[in-house]
Amino acid sequence: MNDLSSALAHFESHRTAHLNSLKELVRIPSVSFPGFDPAPLKKSAAAVSELLKKNGLTDVRILDTGGHPSVFAQWTEAAGKPTVLLYAHHDVQPTGREELWASPPFEPAERNGRLYGRGVSDDKGGAILHIAAIGSYLKSGGRLPVNVKVLIEGEEEVGSTNLNKLLLQHRELFSADIVVIADSENFDSGVPSLTASLRGIVTVNVEVRSLSSSVHSGTWGGPLPDPVIALSKMLASLLDDQGRPAIRGLFDKVRPLSTREKADLAGLPFNEDIYRKQSNIADGVQIIGGEESVYEKMWNLPSIAVNVIEASSRKQASNIVNDCVYARVGIRIVPDMDPSETLELLENHLLKHAPWGVKVKIEAENPSRWWKTDTNGKVFEAARAALEKGYEKKPAVVGAGGSIPFVQTITEALGGAPALLFGVGDPYSAAHSENESLLITDWEKACKSMIHLLSGLSLDGL
Ligand code: BES
Ligand code: MN
């Protein structure tokens, strides 16, 4: 048997053990958001580091980024072969409304071929995929077909600000010829997918205030500007009646799709019923935003979301005029939109639409840039072939609406190194929502693809 078939055989006989490692990792509530206990992030970094060691890596380090720890490991004994940097993240989103989970978010549970739990698909399943692929080689033939660096981040869900800084300070540590990111998702269940673009994101925290403290809405209501209504007007002005972003100038820099890209989009299967089911849109609610296809709207056009509105609470819903209201607003950005310019457009738009002299405070978060790759060349071909072997199905090449802040920074730092993006989730994975899940057979196929990919990237003269 050659190294590849030994590795594949090793994976076959150890997949339950790897799945159990995933479950162990999911039990650690590594929520990276501010205000959450940071201790579990240390625990999950330690757990990842132990798994890397258990799977045959000896140079394993916990990186103190200044924020939540990332884990780095390397194996560089494949003289003359390319170096591949494997990335995933071990931090997760908050649980959302716990009462909506069918089983507790941090107690992994299998139902109907899916594994449920926070982070199973985004992105602990991706982290274990890299670890399993490496272990399958090192624990069978004792060597890897390429040099490997592994980076499992602890702060992806909060924007990777610290990691991106660290990366620019320690370029040599992260130097590689190819980057493989396991943090996107499949176009559909069982359909292997290579992601060729990511949107970026700019986010603002908005506070609108009209009173120094809340007052009785009967006694005082009428002459006083209600800050919640003021904010509602501001937010409502973000979309036109068709549901298209209505910020003046927002589309000015959007790069038009090429004829080839348009044809690729048009070639993707679209079924409105399936789309409605996957996106969870309620019956009778319209798909908005104009004529373009949903894929173009999700992957190639900017979109606006209000993630949070907070003023008083349902529990304390008393008859008051609130003193202030808070909202968090995000715009997904696409080539060639500039993050700072977009921020400025958004801020100015909100300020301009604030009625009645209400006080508006806007704070921007660190933006994430968009990313787009060329889908030609040996490396991309190797990825197509590897996914086809792992899934026994031709891969789809897709865009993604989500953001991964590290991707643009690392590829740039490596002088335009090719990056390959795929993931273990599917449209039913409910990433960031309640009842996040992972189709276990797809995760296994993705692991096998990763084993094929390491061997496929063992190219000479890249
Ligand atoms: N894995 C997602 C991003 C993603 C989802 C890429 C689907 C491709 C397909 C990632 O963990 C994520 O959610 N990122 C954040 C980034 C933000 C905090 C800067 C996002 O997109 O909201
Ligand atoms: Mn992710």
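In these legends, helices are DSSP runs of type H or I with at least four residues, numbered from the N terminus. The model shown is predicted.

**View 1. Leu 19 sits in helix 1.**
Helix 1 spans residues 3-26, and Leu 19 is part of it. Is Leu 19 buried or exposed? Its relative accessibility is 8%, and buried means under 20%, so Leu 19 counts as buried. Which residues touch Leu 19, once its neighbours within four places in sequence are set aside? They are Glu 110, Leu 115, Ile 440 and Trp 443. Have a look at Leu 129 as well: 110 residues separate it from Leu 19 along the chain, while the two C-alpha atoms are 9.5 Å apart.

**View 2. Arg 118 lies in a loop.**
Find strand 5 (114-116) and helix 3 (120-138), and you will see Arg 118 in the loop between them. With a relative accessible area of 0%, Arg 118 is buried. Leu 420 is 302 residues away from Arg 118 along the chain, and 25 Å lies between their C-alpha atoms.

In helix 4, which runs through residues 161-169, Leu 163, Asn 164, Leu 166 and Leu 167 are buried. What do the buried residues of helix 4 pack against? Their partners are strand 1 (59-63), strand 2 (70-75), strand 3 (83-89), strand 6 (147-153) and helix 11 (405-413).

**View 3. Tyr 295 and Trp 299 form a stacked aromatic pair.**
Seven aromatic pairs turn up when the whole structure is searched. One of them joins Tyr 295 and Trp 299, with 5.1 Å from centre to centre and 25° between the planes. These two residues are four apart in helix 8, so about one helical turn separates them. Tyr 295 and Trp 299 are both buried. They also belong to one aromatic cluster, together with Phe 187, Phe 270 and Tyr 275.

**View 4. The second largest pocket has a volume of about 490 Å³.**
Of the 21 residues lining this pocket, Ala 196, Glu 261, Asp 264, Thr 375 and Val 397 are the closest to its centre. Which elements give two or more residues to the lining? They are strand 8 (193-198), helix 6 (259-267), helix 8 (294-300) and strand 16 (396-399). Helix 6 provides the largest share of the lining, with four residues. Sorted by class, the lining of the second largest pocket holds eight nonpolar, seven polar and six charged residues.

**View 5. The largest cavity has a volume of about 40 Å³.**
How many cavities of 30 Å³ or more does a search of the whole structure find? The search finds one. The lining of the largest cavity is made up of Val 254, Arg 255, Leu 257, Asn 300, Val 334, Pro 335 and Lys 372.

Conventions. Residues are numbered from 1 along each chain as its sequence is written. Chains are lettered from A and ligands numbered from 1 in the order in which they are written. This is a predicted model: local features need pLDDT of at least 70, side-chain atom pairs count only at pLDDT 80 or more; totals for chains, interfaces and linings use all residues. Side-chain values use heavy atoms; hydrogens and water are left out. On a 1 Å grid over the protein atoms alone, a cavity is a set of points where a 1.4 Å probe fits but cannot get out, and a pocket is an open set with protein on both sides within 12 Å along at least five of seven lines; lining residues have an atom within 4 Å of a point. Grid points are joined across faces, edges and corners, and a volume is the space filled by probe spheres set on the points. Ala, Val, Leu, Ile, Met, Phe, Trp, Tyr, Cys and Pro count as nonpolar, Asp, Glu, Lys and Arg as charged, and the others, Gly among them, as polar. Buried means under 20% relative accessible area, exposed over 50%, partly exposed in between (1.4 Å probe, protein chains only). Contact means heavy atoms within 4.5 Å. Rings of Phe, Tyr and Trp (its six-membered ring) pair if their centres lie within 6.5 Å; planes under 30 degrees apart count as stacked, over 60 as edge-to-face and the rest as tilted.
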